[in-house]
Amino acid sequence: MPKSIRNISLAIGALIGLLVLVAVALRLFLDVDAYKPRFEAAATRVLGLEVRVGGRLGVGFFPGLLVTLEDVHLRNRGADIAAARQVRLGIDFLPLLKNEVRVGMIALEQPNIHIDRDREGKFNYQTPEAAGGALPALTLANASLSDATLIYTDARSGAGFELGHCRLEVSDLRLSERVRPSTMKDLSLAAELACGEVRTHDYTASDLKISVTGKNGVFDLKPATMSLFGGQGSGAIRADFAGDVPLYQVRYAISQFRIEALLKPQAPEKAVEGAMDFAAQWSMRGKTMNELRRSVQGQTTLRGKNLTLNGRDLDQEFARFESSQNFSLVDVGAVIFTGPFGLVVTKGYDFGRIFQGRGGHSEIRTLISAWKVDHGVAQAQDVAMATKANRVALQGSLDLVNERFDDVTMALVDAKGCAKVRQKITGSFQKPVVEKPSTLRSLSGPVLKLLKKVENLFPGGDCDVFYAGSVAAPR
């Protein structure tokens with residue numbers, strides 16, 4: 001062996017031996033718990049939030065300096081934002097020789113994170129601007145969370161969700177030097193998130209997986225996949241915080257989900273059954289939910305074939321219309337409204353009332369609910385369904401900002417697309433009404449009568465086509 005290589009090997013061996021001796025000595029004589037206040041103070045300064053360590057602090061030395069903390073809490077304004085059973089910090093050796101502390105790795109075990117938004121729109125992690133001062137830059141080569149739980153609640157809207165059994169792997173995390181309150185522009189990272197369960201007040205999804213890359217305030221979440229309503233969802237989200245107002249672009253699709261799972265909170269008795277496909281592409285900008293609703297633009301579509309409507313035989317009721325005069329196209333429209341905006345539009349509708357005590361069932365051979373959204377107003381593009389013998393279609397707009405029907409009309413159409421029966425819906429989503437030539441009657445009434453019968457309005461001639469979409473006439 002050349003002498004130079006042998007000398008280098010001996011030097012490396014001596015260095016390793018010295019480090020071992022230092023490690024043993026430190027373990028025997030160093031009171032690591034005495035350093036907890038210094039650690040808490042340093043972490044508080046870097047994060048801008050209060051850090052407290054309730055358990056013991058331990059130190060290891062291989063493969064690098066490893067600091068282990070138990071029962072760690074992150075607090076703001078006297079309340080916990082996050083708590084972890086254990087936190088491990090990997091600290092680089094060489095910067096220590098220059099009296100510098102550089103954390104290269106951080107791992108959190110069983111963290112519980114609570115993000116709350118109060119009625120004034122302020123988040124619990126936001127610190128008072130009066131605190132002022134610059135926060136130092138932060139760089140992490142690796143960060144991870146295992147068996148994590150994230151809970152979000154919004155006191156203003158009543159919305160919220162919970163992510164459970166989550167795993168997060170982050171690399172190349174960088175927070176530039178910033179002034180309170182910091183913004184997303186200060187953050188760069190690459191991350192992989194996987195959660196076993198996603199829960200809201202009404203629904204549960206599973207197997208959420210998201211890949212995230214972010215730099216200079218622009219974050220791409222793709223692919224974003226999730227099992228929802230018995231179907232598989234996938235898509236992508238771009239969140240751009242580089243400008244003064246955040247910009248969001250969303251593309252998502254769910255294939256072969258079960259419509260009865262979607263409607264379960266409104267219709268627990270499986271009023272409608274079958275598999276459907278959903279697709280949406282939206283863009284929106286704003287700092288508040290109201291701003292986002294007012295700016296949203298895009299396309300959204302729901303499609304289904306061979307669905308079953310339980311509780312009533314539509315074709316039979318259409319056929320008996322001459323004698324009964326006691327039927328509502330709006331009741332049928334509730335099925336169409338379960339499309340892209342159904343849960344919003346039908347919030348004032350009693351699904352159970354439609355299907356109770358009628359008997360029978362209907363085969364919906366084709367259903368499509370396609371809408372164009374422009375500045376918070378959804379315009380019907382192709383909204384219709386076909387049973388064995390009939391077609392029902394919809395025209396008009398939905399004002400999603402003010403939650404109102406805008407000239408929405410439903411019609412029973414013939415083979416040419418001419419309207420045989422029309423019924424118009426106006427008013428708010430909460431208290432919709434059906435217009436009649438001389439009176440108004442609320443949707444909450446027990447039975448709605450048809451508004452206008454025009455079956456013989458154009459005998460032997462042409463008509464103004466009400467529907468010319470993709471749902472073919474029954475044969």
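Biologist: Phe 219 and Phe 241: buried or exposed?

Modeller: Buried means under 20% relative accessible area, exposed means over 50%, and partly exposed lies in between, with a 1.4 Å probe and protein chains only. By that rule, Phe 219 and Phe 241 are both buried.

Biologist: What kind of model is this, and how are residues numbered?

Modeller: This is a predicted model, where local features need pLDDT of at least 70, side-chain atom pairs count only at pLDDT 80 or more, and totals for chains, interfaces and linings use all residues. Side-chain values use heavy atoms, without hydrogens and water, and residues are numbered from 1 along each chain as its sequence is written.

Biologist: How many aromatic pairs are there?

Modeller: Rings of Phe, Tyr and Trp (its six-membered ring) pair if their centres lie within 6.5 Å; planes under 30 degrees apart are stacked, over 60 edge-to-face, the rest tilted. By this rule the count of aromatic pairs is 7.

Biologist: What is the geometry of the pair Phe 219 and Phe 241?

Modeller: The ring centres of Phe 219 and Phe 241 are 6.1 Å apart. Their planes lie at 70° to each other, so by the cut-off of over 60 degrees this pair is edge-to-face.

Biologist: How many residues apart are Phe 219 and Phe 241?

Modeller: Strands (E, at least two residues) and helices (H or I, at least four) are DSSP runs, numbered from the N terminus. Phe 219 is in strand 13 (residues 218-228), and Phe 241 is in the loop between strand 14 (231-240) and strand 15 (247-258). The pair links distant parts of the chain, and the separation in residues is 22.

Biologist: Which elements does the pair Phe 405 and Phe 429 link?

Modeller: Phe 405 and Phe 429 form an edge-to-face pair, 5.1 Å centre to centre, with 75° between the planes. Both are buried. They are 24 residues apart, and the pair links strand 22 (residues 404-413) with the loop between strand 23 (419-427) and strand 24 (432-435).

Biologist: What is the handedness of the disulfide of Cys 166 and Cys 195?

Modeller: A disulfide is a pair of cysteine sulfur atoms within 2.5 Å. A search of the whole structure finds 1, joining Cys 166 to Cys 195 at S to S 2.1 Å. The torsion about its S-S bond is about 110°, so the disulfide is right-handed.

Biologist: How far apart in sequence are the parts that Cys 166 and Cys 195 tie together?

Modeller: Both cysteines, Cys 166 and Cys 195, are buried. Cys 166 lies in strand 9 (residues 160-175) and Cys 195 in strand 11 (residues 187-199), so the pair ties together parts whose separation in residues is 29.

Biologist: Ser 144: buried or exposed?

Modeller: Ser 144 is in strand 8 (residues 138-154). Its relative accessibility is 17%, so Ser 144 counts as buried.
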